[in-house]
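Here is a short briefing on one protein model. Keep the sequence and the 3D view side by side as you read.

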Amino acid sequence: MQRVRERLRRLLGAVGVWSFALDALAASDEAAAARAIEAAGLPVLWIPEGSSSKEAFSHAAHLLATTDRLSIATGIANMWARDPVAMANGARTLGTAWPGRFILGVGAGHEYSAQLRGFTWDKPFSRMQWYLKAMADAPFEGPEPDPAVPVLLAALGPRMLALAGTVTAGAHTYFVPVEHTVLARKALGADPVLAVEQTVVPVADASKARELARSFAAGYLELPNYAKNLRRVGFSPEDVSGGGSDRLIDATIAWGNTGRIAERVRSHLDAGADHVCVQVILDTEGRQVGVESVEELFRELAPG
């Protein structure tokens with residue numbers, strides 16, 4: 001596992017791109033966007049599997065096929081969307097076809113994601129323990145990918161973080177302040193990989209930036225796991241309600257000029273993150289800008 005983690009750190013680099021935007025694009029347009037990300041020097045693109053997203057493995061295959069070097073990471077492939085054998089063997093298939101370029105982020109998602117697929121949301125932590133074990137034991141007739149596909153677990157609370165640190169290559173966290181990154185690193189220990197998502201609004205005016213940030217954050221604050229996690233790191237029920245207080249919004253979403261946003265990313269790295277994947281929001285509908293609009297930001301954040 002140590003070698004898998006060391007290779008994963010090199011594969012991810014310090015900074016990558018996280019985006020819901022590709023879900024709304026035609027195949028040709030998202031291929032062009034992925035190639036632009038690759039050309040900008042970013043090593044990895046994270047894609048979601050939300051309740052209305054494109055299916056994670058076929059989506060990843062399209063992006064891998066239309067780029068040359070870019071790694072694709074799922075953030076996350078939802079355990080309710082497929083059984084553990086299908087999850088393991090889907091990852092193996094991609095890892096064999098594009099060696100060393102696919103990263104499997106897997107997670108439990110939310111109650112609505114289970115219900116949408118006809119499942120009852122019951123003891124998600126225990127189910128994830130079983131699910132990861134079943135993935136590890138899944139039979140596969142094809143050749144094993146070389147190198148093996150690294151697995152990261154979506155984790156916020158201490159039990160899921162501990163599971164990530166003992167069973168998988170590490171953890172992927174989402175919608176978290178720097179204070180959580182400190183706690184996550186402590187829970188994981190020194191060796192597991194910690195990949196942190198950081199949403200950013202590249203707008204300097206505080207009022208406008210917070211308006212855009214709050215439009216993005218409001219839906220997440222209604223989800224019990226995110227609200228509980230923010231209270232766990234010191235935010236009050238008042239901070240979490242009503243779309244989020246200014247203090248909470250400023251802590252979870254970085255806004256301002258390139259330098260200010262880069263400082264937030266560096267703060268996560270200093271707090272123990274190995275990698276920060278940057279998600280850019282530009283309007284009140286939650287739409288994300290194309291990579292060409294934030295090339296300056298990515299240039300500053302990219303290592304070297």
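Which residues lie nearest the centre of the second largest pocket? They are Met-135, Ala-136, Ala-148, Val-149 and Val-151. Bear in mind that this is a predicted model.

**Overall build**

- The protein contains 14 helices and ten strands.
- Its C-alpha trace spans about 55 × 40 × 35 Å along the principal axes.
- Of the 304 residues, 55% count as buried.
- Take the contacts with a separation of 6 or more: residues 24 or more positions apart account for 75% of them.

**The second largest pocket**

- The volume of this pocket is about 460 Å³.
- Its lining is made up of 18 residues.
- By type, the lining has 15 nonpolar residues, one polar and two charged.
- Helices α4 (84-97) and α6 (124-136) each supply at least two residues of the lining.

**Val-151, one of the pocket residues**

- Val-151 is among the residues nearest the pocket centre, and it sits in strand β6, which covers residues 151-154.
- Which residues does Val-151 contact, leaving aside its neighbours within four places in sequence? They are Leu-104, Val-106, Thr-168, Ala-169 and Gly-170.
- Val-151 and Lys-123 are 28 residues apart in sequence. In space, their C-alpha atoms are 21 Å apart.

**Salt bridges**

- The count of salt bridges comes to twelve.
- Glu-30 pairs with Lys-54, and their closest N and O atoms are 3.3 Å apart. Glu-30 belongs to helix α2 (residues 27-39) and Lys-54 to the loop between β2 (44-47) and α3 (56-65), so this bridge ties together parts that are 24 residues apart in sequence.
- Is Glu-30 buried or exposed? Glu-30 counts as buried because its relative accessibility is 3%, and the cut-off for buried is under 20%.
- Glu-55 bridges to Arg-82, with 2.7 Å between the closest N and O atoms. Glu-55 lies in the loop between β2 and α3, and Arg-82 lies in the loop between β4 (77-78) and α4, so the pair ties together parts 27 residues apart in sequence.
- Glu-55 is partly exposed at 34% relative accessibility, whereas Arg-82 is buried at 11%.
- Asp-250 and Arg-210 meet in a salt bridge of 2.6 Å, N to O. This pair links distant parts of the chain, 40 residues apart: Asp-250 is in helix α12 (residues 246-252) and Arg-210 is in helix α9 (residues 206-221).
- Asp-250 has a relative accessible area of 19%, so it is buried under the 20% cut-off.
- Which residues are linked in a network of salt bridges? Arg-210, Arg-214, Asp-246 and Asp-250 are.

**Asn-229, a buried residue**

- Asn-229 is found in helix α10 (residues 224-232).
- With a relative accessibility of 1%, Asn-229 counts as buried.
- Beyond its neighbours within four places in sequence, Asn-229 is in contact with Leu-156, Val-176 and His-180.

Conventions
Residues are numbered from 1 along each chain as its sequence is written. This is a predicted model: local features need pLDDT of at least 70, side-chain atom pairs count only at pLDDT 80 or more; totals for chains, interfaces and linings use all residues. Side-chain values use heavy atoms; hydrogens and water are left out. On a 1 Å grid over the protein atoms alone, a cavity is a set of points where a 1.4 Å probe fits but cannot get out, and a pocket is an open set with protein on both sides within 12 Å along at least five of seven lines; lining residues have an atom within 4 Å of a point. Grid points are joined across faces, edges and corners, and a volume is the space filled by probe spheres set on the points. Helices (H or I, at least four residues) and strands (E, at least two) are DSSP runs, numbered from the N terminus. Ala, Val, Leu, Ile, Met, Phe, Trp, Tyr, Cys and Pro count as nonpolar, Asp, Glu, Lys and Arg as charged, and the others, Gly among them, as polar. Contact means heavy atoms within 4.5 Å. A salt bridge is a side-chain nitrogen of Lys or Arg within 4 Å of a carboxyl oxygen of Asp or Glu. Buried means under 20% relative accessible area, exposed over 50%, partly exposed in between (1.4 Å probe, protein chains only).
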